[in-house]
Amino acid sequence: MADPRFYDNNGPFSLAEICKFISVPLPAGVDGSTQISDVAALSGAGPAHLSFFANSTKPLPRTGAAVCLVSGARRDVPGTVTIPCASVQGAFATVVSHFYPESGLDFSDNAQPPVHPSARLGKGVRLGHGVVVGANAEIGDGTRLGHNVVIGRGVAIGRNCEIGSNVTISHAYIGDNVLVLPGVQIGQPGFGFASGTSGHVKIPQVGRVIVQDKVEIGACTTIDRGALGDTVVGEGTKIDNLVQIGHNTHIGRHCVIVAQVGISGSCE
């Protein structure tokens, strides 16, 4: 599920509407008025959620999802309506884009002052020239932001952090005593596409980035937000300059990530 601090949900939608979005027929015997409130990964889905499973050769994992887009034939899964799709990822991307039509960028109102009135800044926070702080963002006591830093809507930064110049942070929670060197990009959309005969379709990325305490992030490193869940950097981890951390990556505590390395998956 997408965090409402960062994303506005345009739902709910009925199952009939969702089938119309993805140009597939409503399965026989299924109530088209069933309301779907959100999208979610299989493991975290509940009775009002839609998820997807693109593997046609393996059994559908256990899930609480009300609806699941699947490849191949329709499957008999108690409690879950399965909807076969020619391109599961493409159909899911279409559904997500209806729920979260503005998920691609961290939009802000140009009429607002650089530090949004709803932002909360702790004691001793220092801001460089050209800093922008979005709506409902939180910055902890003693944190310093360098020149031209952009902090997106809803972002929470802990105490005694140092954020270097020209850093952008969106869709993220940052712990205490974190050092972010200049040029870092945190919370940008991950590299996710559904490819087909008509080309490539961007899969909206509606997850977050979690950076735990005492992490150091080197200059010009990029940490993408999760597609549905979280990208996590564990406590005390040190990341060198020019490192790319892909979406949904989980890095353990006290790891060292060296320069010129792209990371995806898990790292302990």
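## Close-ups of a predicted model

View 1. Glutamine 205 has a relative accessible area of 2%, so it is buried (under 20% relative accessible area; exposed is over 50% and partly exposed is in between, with a 1.4 Å probe and protein chains only). This is a predicted model, where local features need pLDDT of at least 70 and side-chain atom pairs count only at pLDDT 80 or more, while totals for chains, interfaces and linings use all residues. Residues are numbered from 1 along each chain as its sequence is written, and side-chain values use heavy atoms, with hydrogens and water left out. Glutamine 205 sits in the loop between β20 (199-202) and β21 (208-211); strands (E, at least two residues) and helices (H or I, at least four) are DSSP runs, numbered from the N terminus. A polar atom of the glutamine 205 side chain is 2.8 Å from the backbone oxygen of isoleucine 203. Leaving aside neighbours within four places in sequence, its contacts (heavy atoms within 4.5 Å) include Tyr7, Ser103, Arg225 and His247.

**View 2. Helix α2 and its cap.** Helix α2 covers residues 88-99, and its 12 residues should span 16 Å; the end C-alpha atoms are 17 Å apart, which agrees (the expected span is 1.5 Å times one less than the number of residues). At the N-terminal end, serine 87 does the capping, with a side-chain oxygen 3.2 Å from the backbone nitrogen of glycine 90. Among the buried residues of α2 are Val88, Phe92, Val95 and Phe99.

**View 3. Tyrosine 7 and its ring partners.** The whole structure has 7 aromatic pairs (rings of Phe, Tyr and Trp, the last by its six-membered ring, with centres within 6.5 Å; planes under 30 degrees apart are stacked, over 60 edge-to-face and the rest tilted). Phenylalanine 6 and tyrosine 7 have ring centres 6.5 Å apart and planes at 80°, so this pair is edge-to-face. Tyrosine 7 and tyrosine 100 are also edge-to-face, because their centres are 6.1 Å apart and their planes at 70°. That pair links distant parts of the chain, 93 residues apart: tyrosine 7 is in the segment before β1 (13-14), and tyrosine 100 in the loop between α2 and β7 (120-121). Both tyrosine 7 and tyrosine 100 are buried. One aromatic cluster takes in Phe6, Tyr7, Phe13, Phe21, Phe99, Tyr100 and Tyr173.

**View 4. The largest nonpolar core.** This core has 61 residues, and Ile169 and Ile186 touch the most other members (a core is a set of buried Ala, Val, Leu, Ile, Met, Phe, Trp, Tyr and Cys residues joined through side-chain atoms within 4.5 Å). Elements supplying at least two residues each include α1 (15-21), β16 (172-174) and β21, while α2 gives the most, with 6.

View 5. The structure holds 0 disulfides (pairs of cysteine sulfur atoms within 2.5 Å). For cysteine 220, the nearest cysteine sulfur belongs to cysteine 161, 19 Å away. Cysteine 220 counts as partly exposed because its relative accessibility is 45%, whereas cysteine 255, at 7%, is buried.

Definitions and conventions
A polar contact is a pair of N or O atoms within 3.5 Å; within protein, one must be able to donate a hydrogen and the other to accept it, and residues adjacent in sequence count only if both atoms are side-chain atoms.
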